[in-house]
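Good morning, colleagues. I would ask you to look first at the ligand and its surroundings, and then at one helix.

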Amino acid sequence: MKDERGKPMQLISIIPDFQPLNDGRLLDKAEAFKPALHYAACSAPASCRLNGDDITPAALTDRSLAKGDQVVLDFGCHLVGRLTLELGCAGSHQDAPAYIQLDMAEIAAELDEDADRYQGWLSRSWIQQERLHVDLLPARVALPRRYAFRYVRLTVLDTSPKYQLVLKGASCVAESAVNMDALPARSFADDRLRRIYEASLRTLADCSQLVLEDGPKRDRRLWLGDLRLQALTSYVSFRSYGLIKRCLYLFAGTRFPDGRMSANIFTDGTPVADDTYLADYALMMLPALDEYLAETGDREALDDLLGPALEQVDYVLGHCLTEQFAIDEACGESSFIDWCDGLDRRAAVQGVLICALDAAASLCARAGDHGKQQHYANKAADLRRAAREQFWSDERHCFVSGGQVSVHSQVWMTLANVTCGQEAAMAMEIALSAGEVRMGAPYMHHYYVMALLQAGCRDKAEAHLREYWGGMLDAGADTFWECWDPADPGASPYGGVIVNSFCHAWSCTPAYIIDRFLSD
Ligand code: RAM
């Protein structure tokens with residue numbers, strides 16, 4: 001993780017000869033909870049454009065397409081699945097292969113991006129673009145990859161002077177581990193809230209695959225910070241307990257050799273821990289497990305996962321604190337918190353650690369180990385005291401981390417109960433007006449809303465949810481995005497929006513917030 005103050009933050013970790021520590025028993029249990037996917041056929045696009053003009057899907061099947069022609073199919077909603085094209089031939093004999101380009105896009109604006117100009121630090125292989133030769137027409141072309149998309153653009157790169165291409169049809173078989181249609185109907189205060197709620201669940205559904213993926217377009221794998229938020233949202237909707245259990249077991253089943261949990265697990269093929277450690281993500285295992293147990297009372301999971309989970313707090317307590325019990329600089333730098341360049345993360349990570357210690361105490365209580373419960377409760381109290389001493393400024397009436405005032409620090413100090421009520425609300429307000437650093441991703445906005453609720457600012461929390469997530473809907477979202485800054489709609493942490501994900505796990509929480517905190 002590189003984030004020297006002011007420089008664009010990149011999340012790249014390469015540990016030579018990294019050999020994860022695997023626990024076959026836990027991985028076998030994770031495998032046993034692999035879900036069966038639901039498949040749904042979406043037979044045709046809802047509308048189409050040919051060279052920029054609207055055309056009905058039926059009329060399109062009669063049009064001959066020649067070199068340079070471009071068709072955009074709109075399937076009407078965000079889908080994750082496999083695409084099949086029915087291609088025909090018009091004119092004289094097909095004397096050369098048809099050469100086509102396909103661009104799959106989650107939102108319309110993605111199609112305006114020029115893939116060849118992308119110079120960012122994430123692989124351009126995430127861009128959903130294919131070039132195909134079709135040797136013999138007519139043909140049914142079933143694309144082998146799974147895509148996340150609403151729009152498909154077909155560009156005819158070439159046919160020949162003797163023949164043209166005809167797009168006879170396009171269809172998709174959508175895949176998900178859950179079924180949106182099986183959810184009971186519910187009522188809402190107004191239509192805006194209903195749309196936010198539904199987009200939030202569509203986001204979760206499309207990320208619910210063989211694991212809870214962070215994004216079905218990218219990175220298509222399991223991240224710990226995302227998992228916790230997906231699980232919370234699932235508890236008020238799909239209740240995919242088996243899938244959540246599988247994901248928790250995967251994090252415990254393949255780890256760093258010293259027991260630390262990886263920030264993410266590669267899950268295509270044999271599950272393997274990535275050699276990326278983010279202290280705040282590893283600590284999220286504790287609330288995630290505690291919340292899972294509160295929901296399910298799953299004794300087996302408690303017995304299997306308590307040890308690996310406690311190792312995560314023990315590691316941070318043993319390796320990452322200064323003599324004053326504050327998170328040290330190195331740990332701040334090996335944490336995520338938010339996509340936010342130049343953020344000093346120490347106070348926020350201290351907050352995450354305190355929340356993890358509270359969860360550790362709760363987990364030990366569940367296991368009936370009152371000695372350990374007391375131990376973690378005492379640690380949490382020590383760290384709260386230290387947080388106040390190290391980060392609170394009487395002068396600025398808020399927490400200051402490394403000389404910096406950020407919403408992030410205030411939010412996590414609130415969630416950790418280092419401050420509360422009026423004081424917490426004021427501190428957040430002060431940090432927002434200071435404007436030293438901006439919140440970057442919905443992940444942080446979720447915790448901001450949670451901190452507002454905890455500080456008793458229900459109206460403000462609801463207003464922010466409506467404005468921030470609703471703002472994505474106004475900007476054309478069907479599912480919620482990985483990044484959204486209304487003041488800078490083209491922002492990307494990766495150096496190009498074309499690789500941003502527009503259906504992203506950590507953005508799925510409005511349904512959870514509405515259900516648990518905003519429904520009277
Ligand atoms: C991104 C992923 C993921 C997130 C990490 C920190 O690469 O999209 O969702 O958890 O960053």
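Predicted model: local features only at pLDDT ≥ 70, side-chain atom pairs only at ≥ 80, totals over all residues.

How many residues surround the ligand? There are 13, and the closest are R218, D226, Y281, E482 and H504.

The side chain of D226 places an N or O atom 2.5 Å from an oxygen atom of the ligand. For E482, the distance from a side-chain N or O atom to a ligand oxygen atom is 2.9 Å. R218 has a polar side-chain atom 3.0 Å from an oxygen atom of the ligand. On its own the ligand has 290 Å² of accessible area, and the protein covers 97% of it.

I turn now to helix α7, residues 285-296. Its 12 residues should span 16 Å at 1.5 Å a residue, and this agrees with the model because the end C-alpha atoms are 16 Å apart.

Is α7 mostly covered or mostly open? It is mostly covered, with nine of its 12 residues buried. Those buried residues are M285, L286, P287, A288, L289, D290, E291, Y292 and L293. They pack against α4 (224-235), α5 (241-253), α6 (279-283), α8 (299-319) and α10 (346-367).

Finally, what follows α7? The helix is followed by G297, which has a positive phi, near 60°.

Methods: Residues numbered from 1 in each chain as written. Heavy atoms only, no water. Near = heavy atom within 4 Å. Polar contact = N/O pair within 3.5 Å; in protein donor to acceptor, adjacent residues only side chain to side chain. Areas by Shrake-Rupley, 256 points an atom, 1.4 Å probe, with all protein chains shown as cover. Helix = DSSP H or I, 4+ residues; strand = E, 2+ residues; numbered from the N terminus. Expected span 1.5 Å × (residues − 1). Buried < 20%, exposed > 50% of the residue type's maximum accessible area, 1.4 Å probe, protein only. Contact = heavy atoms within 4.5 Å.
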